[in-house]
Amino acid sequence: MNILFKNARLIDPEAGTEDLGWLLVKDGKIAARGTGDTTQNAERIIDCAEACLAPGLVDIGVKIGEPGERHKESFRSAGVAAAAGGVTTIVTRADTTPPIDTPETLEFVRRRAQDASPVRILPMAALTKGREGREMTELGFLLDAGAVAFGDGDLVLRDSKVLSRCMVYARSLGALIVGHPQDPILSEGAAVTSGKFASLKGLPAVSPMAERMGLERDLALVEMTGVAYHADQISTAKSLPALRRAKEAGLNLTAGISIHHLTLNEFDVGDYRTFFKVKPPLRAEEDRVAMIEALREGLIDIICSMHTPQDEESKRLPYEAAASGAVGLETLLPAALRLHHGAGLTLPDLFRALSLNPARRFKVPGGSLAEGAVADLILFDPNRPFILDRFALHSKSKNTPFDGARLQGIVLASFVNGQCIYERNAS
Amino acid sequence: MSFRQNHLLGIETLAPDEILTILDLADRYAELERGDNKHGNALKGLTQINMFFEASTRTQASFELAGKRLGADVMNMAMAASSLKKGETLIDTALTLNAMHPDLLVVRHPHSGAVNLLAEKVNCAVLNAGDGKHEHPTQALLDALTIRRAKGRLHRLNIAICGDIAHSRVARSNILLLGKMENRIRLIAPPTLMPAGVREWGVEMYDDMQGGLAGCDVVMMLRLQKERMDGAFIPSEREYYHRFGLDAEKLSAAKDDAIVMHPGPMNRGVEIDGTIADDINRSVIQEQVEMGVAVRMAAMDLLAQNLRARRAEKGALA
């Protein structure tokens, strides 16, 4: 079906524009667009009433409980949540049970995802067998089977020799490695970032320096091997000089951050609220502000939700013992819009980090409003306020730190391949 | 009287007037304890359950005695040995307890914040008897009472807290309490046992005893908690004793009438010299134990009053 969007604010992250205009979708692709009014016609015409039309979000590093923990999140529930949250492409993590470390598991995941989910789901594969950090996975086979990148999730590959070999091998295949920079020994057992808050609450803590140490090691190996590397979950100001140096030296490097580290800080944990326990832990306010600046200047390339579903049981525990992670598919956009409303980031800037950059870096479709691009689109009202009720989320798990938070920005409709996969009730 | 709390989870949430209310009442209970009839009836008819998820002899005995002297039915549950090992979660434990209708729940737990979590789920007054590295409020209150009785006041004193501050909930509660009462606090510890970010707490930091103890009114020693340590925080016990153990020579830097305190149990010859600990002119360690019972009687009495008031209000509404 052809769709014509009229009277829409077209958020174009490539051009950096947000003009009022129209956009025509034909055969699942963007066929034409322009500013102002149009005489074009289509089977379905949507008057957007000056709502924003943007490329759908491309969320990298999403944890889905299949295989192993389907009671926390399935492909179906994640797909529905993503569609409602304006995420049109999900790149999944390999830290399932068992991990996605063979072409066979990867194929199972791809098939299940295709059957069950309305949004695109593309898998990452583990970098080492069993995510144990000892032997590399079949990178070539996995790539052929459709792995978009390789990484062991939040497990740090301790053995630098193993990592360097993985990198050399991945380089020859042109594969992307996603790292979680962290010194594994300094950060062992830590639940919060060290400092006044951690000491007052008596919680085991890690210095932000552990992140920089992990990053420096990884960057040295990237320089040595020339591999394409994405430093995921950069969260402290201490890491930024190293990142800047490496980018200026021309390494094949991008960096990412979770939305939680851009919108929350360590004090949000408050009275041991475990929904705020994430990995890496929430940082100081100075770090949060520094990360927004890094995003603004392009030092940080990608924002993701770091969607990590956890059931009530694994969160209703003393802080140290509780599981890490927060769901984020449905809060990624409204939380990111806090940076627009509160920190002055333009919408095209935001969508560069939410859609364009991840699509390009992971070589997946989407992220663009250019003619000929796939019609993965979202229509949203960036201003409409609401109070988040966690039980209204579509995810099976409801562990969001934004429960009860005042947010702005509502997704009105989502499209994948030009097909409408979500439409908000007019209510 | 001014005491508005439903639970005693930490010093952090207490206002100075509430602290003084507890201490004033504890003073009266200390007199009661020294008499022939040690019985009060403030907790008559109430049930007190002591749940210790971490082994304790002294604190548990002190809470038990305090409850019994005020007429409560006291039950001890040694949780370290039972349900934790059976995999029961803290929340389930709380639900089980609710069914027993306790009025006062005294909890010690190895995880910081665990007592707060439990307090959200039970229908009675909860007293924190130590949670992880977080707080140990009754210890800080008994220390405050001991200081006030020895020094005649609880403000504008120079107070040194020495030893394993990083792992100590006693230190945290004391820093909070003594800070609220406007004292000058110095922390003395090897840098590996000093918590991060402590500079922002409004305290002075020292890594030598001579400098830290100079002109002090109160010297508070902490136990070197060997069982809490992940690895080697200090080179050896004997080097620690040489540099940070309290002996007559180091104590001479403090004021002539400075008192010496220790929350117990002591490691003689590690953090404190035996003769100092036993010196009745300087050491108030025995009095700390005595005040412990009095303070716990006072805290439970006040919490029970508020509990009864809440229940009466609820009854009146229903």
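In this predicted model, a network of salt bridges links B:Asp24, B:Asp27, B:Glu31, B:Arg148, B:Arg149 and B:Glu287. Side chains of opposite charge can pair when their charged atoms come close.

B:Glu64 and B:Lys68 form a salt bridge with an N to O distance of 2.8 Å. The two residues belong to helix α2 of chain B, which spans residues 58-69, and they are four residues apart, about one turn of the helix. B:Lys68 is partly exposed, its relative accessible area being 42%; the category applies because this value lies between the 20% limit for buried and the 50% limit for exposed residues.

In chain A, A:Glu18 pairs with A:Arg9, and their closest N and O atoms are 2.8 Å apart. A:Glu18 has a relative accessible area of 30% and is partly exposed. A:Arg9, at 23% relative accessibility, is partly exposed as well. Another salt bridge in chain A joins A:Arg158 to A:Glu188, with 3.5 Å between the closest N and O atoms. A:Arg158 is located in the loop between α3 (139-145) and α4 (160-173) of chain A, and A:Glu188 in the loop between β9 (176-179) and β10 (192-193) of chain A, so this pair ties together parts that are 30 residues apart in sequence. A:Arg158 and A:Glu188 are both exposed.

A salt bridge also spans the two chains. B:Glu12 is paired with A:Lys201, the closest N and O atoms lying 3.5 Å apart. The count of salt bridges between chain B and chain A is one, while six residue pairs are in polar contact across the interface, both residues of each pair being at pLDDT 80 or more. On the side of chain B that touches chain A, helices α3 (90-98), α4 (114-121) and α6 (169-180) of chain B each supply at least two residues. The most comes from α4(B), which contributes three residues. Sorted by class, this side of chain B consists of nine nonpolar, eight polar and five charged residues.

The interface may also be described by its extent. Contacts between the chains involve 22 residues of chain B and 18 residues of chain A. The size of an interface is often given as the accessible area lost when the parts come together. Chain B and chain A bury about 1600 Å² between them, and 59% of this is on carbon and sulfur atoms. Within chain B, the residues that lose the most area to chain A are B:His111, B:Ser112 and B:Trp201, which together account for 28% of what that side buries.

Elsewhere in chain B, B:Thr138 lies in helix α5, residues 137-151. B:Thr138 is buried, at 0% relative accessibility. Apart from neighbours within four places in sequence, B:Thr138 is in contact with B:Leu8, B:Phe63, B:Asn128, B:Val295 and B:Arg296.

Chain A has buried residues in its loops. A:Leu264 is situated between α8 (259-263) and α9 (285-296) of chain A, in the loop, and is buried at a relative accessible area of 7%. Not counting residues up to four places away in sequence, A:Leu264 touches A:Phe276, A:Leu282, A:Arg288, A:Pro401 and A:Phe402. Of these, A:Pro401 is 137 residues away from A:Leu264 along the chain, yet their C-alpha atoms are separated by 8.9 Å.

A:Thr400 occupies the loop between β15 (377-387) and β16 (406-416) of chain A. A:Thr400 is buried, with 1% relative accessibility. A polar atom of the A:Thr400 side chain lies 3.0 Å from the backbone nitrogen of A:Phe402. With residues up to four places away in sequence left out, A:Thr400 touches A:Phe275, A:Val327, A:Thr331, A:Leu388, A:Arg390 and A:Leu393.

Terms used
Residues are numbered from 1 along each chain as its sequence is written. Chains are lettered from A and ligands numbered from 1 in the order in which they are written. This is a predicted model: local features need pLDDT of at least 70, side-chain atom pairs count only at pLDDT 80 or more; totals for chains, interfaces and linings use all residues. Side-chain values use heavy atoms; hydrogens and water are left out. Contact means heavy atoms within 4.5 Å. Buried area is the accessible area (1.4 Å probe) that two parts lose on being put together, summed over both. A salt bridge is a side-chain nitrogen of Lys or Arg within 4 Å of a carboxyl oxygen of Asp or Glu. A polar contact is a pair of N or O atoms within 3.5 Å; within protein, one must be able to donate a hydrogen and the other to accept it, and residues adjacent in sequence count only if both atoms are side-chain atoms. Ala, Val, Leu, Ile, Met, Phe, Trp, Tyr, Cys and Pro count as nonpolar, Asp, Glu, Lys and Arg as charged, and the others, Gly among them, as polar. Buried means under 20% relative accessible area, exposed over 50%, partly exposed in between (1.4 Å probe, protein chains only).
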